[in-house]
Amino acid sequence: MAARKACETFSKSLIEEVNRWGCLKQTGVSLRYMMEFGSKPTDKNLLISAQFLHKELAIRIARRAIELENLPYGLSQKPAVLKVRDWYVDSFRDIRAFPDIKNMIDEREFTEMIKAIKVRHNNVVPTMALGVQQLKKGLDPKIVNEDLVEIHQFLDRFYMSRIGIRMLIGQHVELHNPNPPPHVVGYIHTKMSPLEFRSRNASEDARAICCREYGSAPDVHIYGDPDFTFPYVPAHLHLMVFELVKNSLRAVQERFMDSDKVSPPIRIIVADGIEDVTIKVSDEGGGIPRSGLPKIFTYLYSTARNPLDEHSDLGIADSVTMAGYGYGLPISRLYARYFGGDLQIISMEGYGTDAYLHLSRLGDSQEPLP
């Protein structure tokens, strides 16, 4: 089937509107602002939030829809990418078709609509990964990692934008919870213990997957002050720590699988600084060669076999494989950067790897808007 440009699938007036909205300025918000604004989810505040999202989501989604139509190397024409583009244009149309939000009845209907948009976009990451796979198949392997800088930069922008869109929708939807748990404001836990809540849960989840794949898993030891708390989004931290621990478990397990020695444990150290909370994940899994280090944050590289193919069922894309299509580390770094943090990987080839996850303790940096 021939690739369809957006103007062949959607009405001319809709595409013109997408292009018009895609030129408007985005408005970033900070973790602190979301937390303070959401701490009093009165009808008035929910109304203000919905009115802000009515405009802001249209701008952000339009920008991505335009970009999806104009990608280099023919990526825009790949079937999986066309599917993602259609989701974005459909969502833009849904938001623009919704009338101005004037009262709480409108607000509740709008909230249900953006909830449905969030679900529509659940499988964007694996579907885009499939599109990149489709592109890779037709390319000379020599040019894949060196010359596709534009693709990497696009995917960084695209996924960072997606994190922001899902955070804004999720935060607004969660503010409707009539009985939120203690210290929780929407998606944000105001007194989150990185040691107790996330590191422990994430490492247990990663070990369970390692056991499923390999039959056993190295131990994980966690160090730090169990009483230390700071405001953050638990789901984001879980995703990042899970990814880092999963990578370490795989490296150690594969290095010591046929050895008589006991697998050395993975060590997680949580340090609370004045500006940053840093979580270090250390392993003795043999490390990464220096030549491989520049590749670990690209979207076209994975040391593991690829779980995606043309016929994979993307309906179950949220289930987690032990190692995947090479997206775990670059996307984890975007999650860290979204609220002003970062992720660094230091390798000692022949020994192991240290991953440093820096998270801003202050919560006052604006979203980085691509």
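Guide: What follows goes from the overall make-up to the sheet, and then to the helices.

Visitor: What kind of model is it, and how many helices and strands does the protein have?
Guide: This is a predicted model, and its secondary structure comes to 12 helices and 8 strands. Of the 370 residues, 52% count as buried. Taking contacts between residues at least 6 apart in sequence, 78% join residues that are at least 24 apart.

Visitor: OK, the sheet: what is the order of its strands?
Guide: The order is S3-S5-S6-S8-S7, in an open sheet of 5 strands whose pairing is mixed. Strand S3 (220–223) and strand S7 (342–348) are the edge strands, each pairing on one side only. On average, neighbouring strands of the sheet are turned by 15° against each other, with direction ignored.

Visitor: Which helix packs on that sheet?
Guide: Helix H12, residues 328–338, packs on the sheet and touches S7 and strand S8 (352–360), and the direction of H12 makes about 135° with that of S7.

Visitor: And S8, is that strand enclosed or open?
Guide: S8 is largely enclosed by the rest of the structure, because 7 of its 9 residues are buried. On one pairing, S8 runs antiparallel to S6 over 8 bridges, and Val281 stands opposite Ala355 of S8. On another, 7 bridges join S8 to S7, again in the antiparallel sense, and here the bridge partner of Ile345 is Ala355 in S8.

Visitor: How many residues sit between S7 and S8?
Guide: There are 3 residues between S7 and S8, which form a hairpin, and Gly350 in the turn has a positive phi of about 95°.

Visitor: What about S5 and S6, parallel or antiparallel?
Guide: Strand S5 (residues 266–272) and strand S6 (residues 276–283) pair in the antiparallel sense over 6 bridges, and the bridge partner of Arg267 in S6 is Ser282.

Visitor: Switching to helices: at what angle do H2 and H5 pack?
Guide: Helix H2 (residues 12–21) and helix H5 (residues 79–97) pack at an angle of about 85°, with their axes 11 Å apart. That angle makes H2 roughly perpendicular to H5.

Visitor: Which residues meet there?
Guide: From H2 there are Leu14, Glu17, Val18 and Trp21, and they meet Val89, Phe92, Arg93 and Arg96 of H5. Sorted by class, the contact of H2 with H5 has 5 nonpolar and 3 charged residues, and no polar ones.

Visitor: One last thing, Ser91: buried or exposed?
Guide: Ser91, which lies in helix H5, counts as buried because its relative accessibility is 0%, under the 20% cut-off for that class.

Visitor: And what does the side chain of Ser91 make a polar contact with?
Guide: The side chain of Ser91 makes a polar contact with the side chain of His121, at 2.7 Å. Leaving out residues up to four places away in sequence, Ser91 touches Ile61, Ile117, Arg120 and His121.

Definitions and conventions:
Residues numbered from 1 in each chain as written. Predicted model: local features only at pLDDT ≥ 70, side-chain atom pairs only at ≥ 80, totals over all residues. Heavy atoms only, no water. Pairing = 2+ DSSP bridges. Helix = DSSP H or I, 4+ residues; strand = E, 2+ residues; numbered from the N terminus. Axes fitted to C-alpha atoms, helices over the stretch in contact; angles between N-to-C directions. Contact = heavy atoms within 4.5 Å. Parallel < 35°, antiparallel > 145°, perpendicular 65-115°, else oblique. Nonpolar A, V, L, I, M, F, W, Y, C, P; charged D, E, K, R; others polar. Buried < 20%, exposed > 50% of the residue type's maximum accessible area, 1.4 Å probe, protein only. Polar contact = N/O pair within 3.5 Å; in protein donor to acceptor, adjacent residues only side chain to side chain.
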